[in-house]
Amino acid sequence: MTKAFKYLSYLLVGAACATTTWSCSDDDYTMPAPNISPEELVEGVAFTVEHDAQNPNIIHLKSLMPAQYQVAWITPQGRKTGAEATLSIPFDGEYEVQMGVDTRGGYVWSNPYSFTVDDFCADFVEHYLWTRISGGVGQSKTWQLDLGVLDDGSVKVTKWKGPHWFYTNTYTWDNLHAANENETVYNNYVDADPWDAANAITPSSEWYWAADYPGNDWMCGANNYGYITFDLINGANVTVTDADGNVVGKGTYMLDTDAHTIQLSDVYPLETTDTRTHERFLQVLYLSDDAMQLMAPSEGVALNYVTKEYFENYSEPVPTEITLPEGWYEKFTTQIKYSDFVLDAEAPFNWYDLGGTAKGADYGTFPIVSSTADEYKINFCSPEGGQYTVTIPEGEPLEGTVTINQDGSISLSNGLGDVLLGGSSVKLEGKEFKMISIEVDGEGRVEAFVLGLPEKDVNGTVYQYLGYRFLADYAGAEKAETYKAQLGFNNTGTWEGFEGTTVWVEDGGTYTSTVEVSWGADWGDPCLWLDVYKILKNRPNCDIVINDIKIDGTSISFDDTAISRGAGDDETTGRRYICNPWGLASCFSGLDIFHPTKNVEVTFSVVFDNGTPFISE
């Protein structure tokens with residue numbers, strides 16, 4: 001997905017060890033004995049547990065120990081620190097609390113102290129997080145890990161792309177949610193795009209890893225691990241079942257909506273057997289109506305859940321827009337000047353979804369009419385620009401006007417001839433098309449493309465494309481003599497290379513190639529050259545004349561005759577070595593002028609026959 005975790009990185013934090021020489025004696029190095037015993041930590045003497053006068057479901061915990069003691073509490077809502085703590089317990093029942101005091105020998109804990117809550121307080125479970133986890137009062141909601149094996153043996157994942165992510169174990173809800181996250185406003189690392197990282201995730205030394213499955217199938221086996229159900233039916237109950245629905249654990253849970261924690265009693269969370277945390281107190285890192293992420297603080301292993309209903313109904317989102325490669329329009333509209341296109345005889349048609357992904361044509365149901373596929377041809381620039389010609393097997397040529405737009409839409413005024421292509425119904429038909437895909441060879445030439453005919457439902461909505469696949473045919477076209485030209489830029493420090501825009505050279509033309517580059521501090525000396533590939537093979541008497549050189553948009557002075565003419569990396573390539581640090585042209589005062597901050601632009605002309613060789617003896 002393109003959501004907020006794209007802003008996070010997986011950081012490996014190393015630990016450095018310092019060695020120090022110590023002077024040791026034969027003393028006993030065991031921890032000193034605590035100066036407080038559990039028997040001294042008695043309710044009414046060391047601490048108090050009191051019901052709130054206005055709402056007896058609110059429990060106030062207060063230490064009576066001297067202020068210098070650090071105090072912690074083990075409560076039905078997890079561990080808390082501080083001399084005072086407040087619990088909001090919605091359900092009637094008997095509960096326990098323990099107070100701990102930090103001593104020289106570590107924490108000393110009181111014996112459990114029991115207290116009773118007599119009534120149910122509905123106000124405490126009306127918070128939207130209670131509703132998200134259970135469905136609300138009187139309801140239940142069943143969750144599963146984000147991993148399953150389908151009947152055909154394939155592995156399925158959904159929102160989280162796997163059952164576990166891995167965190168620095170100090171992460172909490174507040175690390176990953178901005179302050180304005182609430183019932184209706186989402187501003188967290190999953191749902192917000194862009195994610196408000198400045199208000200959410202904190203120290204840079206912390207990390208998490210959004211591990212996908214099966215890309216990281218070492219984390220657990222590919223299994224169906226069962227279900228965990230949270231309800232609010234006569235209390236807050238939790239039930240764990242195996243994949244067949246057999247109950248394997250029952251207990252209760254307490255959700256702290258302020259601290260964003262969940263405490264389970266008498267049952268452990270549903271997890272994969274390979275990474276069992278054996279903890280009942282969990283941080284809630286994320287919770288929506290259909291997805292939840294819990295983490296055992298001691299391990300930093302997140303349990304990624306989705307509801308059973310969400311998992312069963314989930315299907316991978318289908319792209320609804322076609323994305324063509326950058327520069328496709330320039331490449332295509334240049335190549336149609338010197339190339340015909342023929343149908344791909346082996347796979348002339350297919351069906352494509354709205355994102356341009358092939359669905360897989362059944363050529364058994366729609367057998368290809370081989371003579372059509374072998375002989376059908378289209379020229380998008382015949383008899384002149386803006387017109388097209390179709391060669392139809394055993395028929396008269398078809399001509400019309402063509403419009404090619406940069407958004408990928410293509411109009412053919414007289415269609416494609418309604419020629420039968422496959423089975424009894426697949427035809428080369430229609431007048432309005434969409435470019436679905438383009439394939440380009442190593443020299444930047446279009447070698448194949450798919451032209452898509454929109455197919456609509458009864459309401460007139462496009463739901464898929466019938467795509468015709470064409471291949472470039474150079475032999476059959478009366479093509480212009482054309483050569484690829486391009487700027488190159490490099491440096492003698494890091495030898496990092498940059499390629500300029502590709503242009504196609506025809507006789508008598510003037511062209512411009514631009515290379516985007518920003519000079520680096522450790523780059524040594526600059527190198528800049530212009531290549532016209534393969535031109536010397538057929539045109540040894542050509543000339544490549546430099547008309548203008550611009551550095552960051554500003555023209556510089558030069559003498560074209562002073563800049564070398566020679567062969568490129570291949571002997572058939574004509575090269576103008578504009579900035580050669582080992583032999584700088586005399587028209588340039590120094591190398592620093594070739595230190596661009598944005599780009600270099602060179603405009604040049606090519607003459608196919610200048611009467612003298614491009615490379616002089």
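I began with Ile58, whose bridge partner in strand S5 is Ser88. I kept in mind that this is a predicted model, in which local features need pLDDT of at least 70, side-chain atom pairs count only at pLDDT 80 or more, and totals for chains, interfaces and linings use all residues. Residues are numbered from 1 along each chain as its sequence is written, and side-chain values use heavy atoms, with hydrogens and water left out.

I next looked up strand S2 (residues 58–63), which pairs with S5 in the antiparallel sense over five bridges; strands are DSSP runs of E, at least two residues, numbered from the N terminus, and two of them pair if DSSP finds at least two bridges between them. I then found that three strands form an open antiparallel sheet in the order S1-S2-S5. Strand S1 (47–51) and strand S5 (84–88) each have a single partner strand, so one side of each is left without a neighbour in the sheet.

I turned to strand S32 (residues 483–491), where nine of nine residues are buried, meaning under 20% relative accessible area with a 1.4 Å probe, protein chains only. Tyr483, Ala485, Leu487, Phe489 and Asn491 point one way from S32, while Lys484, Gln486, Gly488 and Asn490 point the other way.

I followed the partners of S32 as well: strand S36 (residues 526–532) pairs with S32 in the antiparallel sense over seven bridges, and Asn490 has Cys527 as its bridge partner there. S32 also forms a hairpin with S33, with six residues between them, and Trp495 in the turn has a positive phi of about 60°. Across this pair, Phe489 stands opposite Phe498 in S33.

Key. Helices (H or I, at least four residues) and strands (E, at least two) are DSSP runs, numbered from the N terminus. Buried means under 20% relative accessible area, exposed over 50%, partly exposed in between (1.4 Å probe, protein chains only).
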